[in-house]
Amino acid sequence: MNVQRLAAFSELGEGGNPAGVVLVDVLPPEEKMQQVAAEVGYSETVFSAPDGDTWRTRYFAPEAEVPFCGHATIALGSALKQAHGAGEYALTLNDGQISVAASEDGEITLVSPPTSYEEAPDSVIEQALALFGWNKDTLSADVQPAIAYAGEAKFLVLPLAREEDLRSMAYVQAEGAAFMQSHGFITLHIFWQERDDLIHARNPFAGHGVYEDPATGASASAVAGYLRDAYGKTKPYQVLQGVDMGVPSRLFVAAESGKGAPIRVAGAARPITV
């Protein structure tokens, strides 16, 4: 099985979040896809096969399948461009349809599933803060924590008041995994807003076997939907992520109009030489 390795949301030809991409005529059995994802060891490996006018697509982390992965979708778009040329590709996921478009200049843009959010219970927020040795004073006064969704992918959103807390983020992976698994969170999306058009983010991913994800298009989609629907944030902005891991990544985020509407997330992808 040919596994392509690409880094999505790369910054000036460096950094980015590694993803495995497998293009096949027919998707292999679920057990085989899970095995390959574990062997590849990246936070996600995406498998995609043509199915009429669409591409049947599934995403696997090293320890479990996930319903939607943004950076792996960007990597997939790059691989589809390499194999079939620039253009827009419809993708059929387990629970809906999205698309990814590859331009001639190398920019890859995904259109997320519909987004939604709900209030995060105080008990969940307190448990999350305790993981990092934080308290409620660590949180932003401008944006409240929330549970945000991109399709069925579920994220806990923790907006911080200070950059230094974001930079010093640390936790015990086993404790983080137990917390995320117990609540069904794909990641925790922790961010600090430098200015209206620039957000800095980090994403613990312990629930699926990875300490931190360096660029997360799925959670960026969910958070953009939350910020649009709860706070009226409609102007495009950028997300810088992975800086603290030594793999700088840049995401370009634009919310479509309408409550719950999809989000456009764009970036570059580069091949990984191994």
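**Exercise 1. Contacts and cores**

Task: Find which residues Phe68 is in contact with, leaving aside its neighbours within four places in sequence.

Solution. Step 1: contact means heavy atoms within 4.5 Å. Step 2: with neighbours within four places in sequence left aside, Phe68 is in contact with Tyr59, Thr73, Leu93, Ile98, Leu110, Ser112, Pro113, Ala150, Ala153, Ala218 and Ser221.

The model is a predicted one, in which local features need pLDDT of at least 70 and side-chain atom pairs count only at pLDDT 80 or more, while totals for chains, interfaces and linings use all residues. Residues are numbered from 1 along each chain as its sequence is written, and side-chain values use heavy atoms, with hydrogens and water left out.

Task: State which residues of the largest nonpolar core touch the most other members.

Solution. Step 1: a nonpolar core is a set of buried Ala, Val, Leu, Ile, Met, Phe, Trp, Tyr and Cys residues joined through side-chain atoms within 4.5 Å. Buried means under 20% relative accessible area, exposed means over 50%, and partly exposed lies in between (1.4 Å probe, protein chains only). Step 2: the largest core has 53 residues, and those touching the most other members are Tyr59, Phe68, Leu91, Phe191, Leu227, Leu251 and Val253. Step 3: helix 6 (residues 217-231) gives the most to this core, seven residues. Helices (H or I, at least four residues) and strands (E, at least two) are DSSP runs, numbered from the N terminus. Step 4: another core of 25 residues lies apart from the largest one, and its members include Ala128, Tyr149, Leu166 and Ala206.

**Exercise 2. A loop residue**

Task: Determine where Leu160 is placed and whether Leu160 is buried or exposed.

Solution. Step 1: Leu160 sits in the loop between strand 11 (153-159) and helix 4 (163-167). Step 2: Leu160 counts as buried because its relative accessibility is 3%. Step 3: Leu139 is 21 residues from Leu160 along the chain, and their C-alpha atoms are separated by 4.3 Å. Step 4: beyond its neighbours within four places in sequence, Leu160 is in contact with residues including Trp134, Leu139, Asp165 and Trp192.

**Exercise 3. Salt bridges**

Solution. Step 1: a salt bridge is a side-chain nitrogen of Lys or Arg within 4 Å of a carboxyl oxygen of Asp or Glu. Side chains of opposite charge can pair when their charged atoms come close. Asp165 is buried at 13% relative accessible area, and Arg162 is partly exposed at 33%. Asp244 is partly exposed at 33% relative accessibility, whereas Arg202 is buried at 5%. Step 6: salt bridges that share partners join Glu163, Arg167, Arg202, Glu212 and Asp244 into one network.

**Exercise 4. Positive phi**

Solution. Step 1: most residues other than glycine have a negative phi. Step 2: Phe9 has a positive phi near 65 degrees, and Leu12 has a positive phi of about 55 degrees. Step 3: Phe9 is in strand 1, while Leu12 is in the loop between strand 1 and strand 2 (17-23).

**Exercise 5. The largest pocket**

Task: Give the volume of the largest pocket and the element with the largest share of its lining.

Solution. Step 1: on a 1 Å grid over the protein atoms alone, a pocket is an open set of points where a 1.4 Å probe fits, with protein on both sides within 12 Å along at least five of seven lines; lining residues have an atom within 4 Å of a point. Grid points are joined across faces, edges and corners, and a volume is the space filled by probe spheres set on the points. Step 2: the volume is about 170 Å³. Step 3: helix 2 supplies the largest share of the lining, four residues.
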